[in-house]
Amino acid sequence: MLADPTLRYADIQACCSCLGFREGDTYKIDTDAEVSIRTLLRYLRNETAECDIRRELGQLRIVSSDLIPLLRCCSGNKILFELVIRLLMNLTQPAIVCFRQEIPKDRDLYSAYLQVDDLLKSYKKDFADEELFRVLCNVVGSLLDRSWEERSEEDRLLIERILILMRNVLHIAPDVVGEQRTDEDVSVHDQILWAMHLSGWDELLLFLANSDDEQMFAFHTLEIISLMLREQVSFTLSGNSIPVTEKAFLFFKRNYVCIHMILICTMDDKTSQDKL
């Protein structure tokens, strides 16, 4: 690790340049992409209290320009795919987590906190991508198709990390000022939900919620569904509000039912333990 800040930032920029490049509509993966991502992960593990590394990566727009395009095209390379997921999972974690679970009172730290929060809001727009969610859905679906005997610990970790990444993205607060939309406009959050629906994630989440064999992921699933509905109210979900499109209503209603199914399963487990 480089101690000098100038050299460190130069090295970070070099790592970002070695991830790949666009050639028309195709993203070409660089041969040094894997090494570069490992280096960036090491830098993030040793960043300062002001989150200097993630702020630098945010200014370089690494998520939209490199990581998401990488994720779309590297699913065949398991090692690289896992590294990209780990890096995205780190970069999208809530700002308050980056600052030790509290909003900083120090002026400089608070300024850094606001910068990280603004970067997260910009990342959320980048994730409104149907193709990206389809890739993630296909990867998780293929891993879930394996029996527990065939599924390795690395497979379980990859599923969990993808679910955490989705949780992180959905957790990002809406950018009310930046979106500048009217009440009739579709929010970024709704765009992400629609991308998830088109890519098949609603079916996958329902499977995770109902499967006895996948209870390990139940609370990740509950978090995701809860965050999916964060901008909804029960009046809307019941269908008694101003009319919405039939597809959107069914999408929200099915996931609303899913929450209750998970809670019922949890209560049943607790009841069984009490009886024992």
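What follows is a walk through the helices, loops and contacts of this predicted model.

Because the model is predicted, local features are taken only where pLDDT is at least 70 and side-chain atom pairs only at pLDDT 80 or more, while totals for chains, interfaces and linings use all residues. Residues are numbered from 1 along each chain as its sequence is written, and side-chain values use heavy atoms, with hydrogens and water left out.

Let's begin with the whole chain. The secondary structure of the protein chain comes to 15 helices and two strands; these are DSSP runs numbered from the N terminus, with helices being H or I of at least four residues and strands E of at least two. Of the 276 residues in the protein chain, 44% are buried. Here buried means under 20% relative accessible area, exposed means over 50%, and partly exposed lies in between, with a 1.4 Å probe and protein chains only. Among contacts (heavy atoms within 4.5 Å) between residues at least 6 apart in sequence, 73% join residues at least 24 apart.

Now to strand β2, residues 26-29, where T26 lies. T26 counts as partly exposed, at 41% relative accessibility. T26 and C73 sit 47 residues apart in sequence, yet their C-alpha atoms are 8.8 Å apart in space.

Next comes a helix pair. Helix α2 (residues 33-45) packs with helix α5 (residues 78-91) at an angle of about 30°, their axes lying 10 Å apart. Axes here are lines fitted to C-alpha atoms, for helices over the stretch in contact, and angles run from 0 to 180 degrees between N-to-C directions. That angle makes α2 roughly parallel to α5, since angles under 35 degrees count as roughly parallel, over 145 as roughly antiparallel, 65 to 115 as roughly perpendicular and the rest as oblique. The crossing of α2 and α5 is left-handed, which means that the near helix is turned anticlockwise from the far one by less than a right angle. On the α2 side, the contact is made by A33, E34, I37, R38, L40, L41, L44 and R45. From α5 come I79, L80, L83, V84, R86, L87, N90 and L91.

Follow the chain onward and you reach C51, in the loop between α2 and α3. The phi of C51 is near 55°, a positive value in a residue other than glycine. For context, most residues other than glycine have a negative phi. C51 is buried, with a relative accessible area of 1%. Helix α3 (residues 52-59) is mostly covered, with seven of its eight residues buried: D52, I53, R54, R55, E56, L57 and G58. Just after α3 comes R61, in the loop between α3 and α4 (62-73). R61 is not a glycine either, yet has a positive phi of about 55°. At 48% relative accessibility, R61 counts as partly exposed.

Let's move on to helix α11 (residues 188-199). At 1.5 Å a residue, its 12 residues should span 16 Å, and its end C-alpha atoms are 17 Å apart, which agrees; the expected span is 1.5 Å times one less than the number of residues. The buried residues in α11 are V188, H189, I192, L193, A195, M196 and S199. They cover an arc of only 160° around the axis, which puts them on the same side of α11; the arc is that of the directions from the helix axis to the C-beta atoms.

Two other helices pack with α11. Helix α9 (residues 153-171) does so at an angle of about 150°, with axes 10 Å apart, and α9 and α11 are therefore roughly antiparallel. In this pair, M166, V169 and L170 of α9 meet H189, I192, L193 and M196 of α11. The axes of α11 and α12 come within 5 Å and cross at roughly 80°, so these two helices are roughly perpendicular to each other. Their contact joins M196, H197 and S199 of α11 with W201, D202 and L205 of α12. Following α11 is G200, whose phi is positive, near 95°.

Our last stop is the loop between α12 (201-210) and α13, where D213 is found. D213 counts as exposed, at 51% relative accessibility. Its C-alpha atom is separated by 9.8 Å from that of L144, 69 residues apart along the chain. Helix α13 (residues 218-228) is mostly covered, with eight of its 11 residues buried: A218, H220, T221, L222, I224, I225, L227 and M228.
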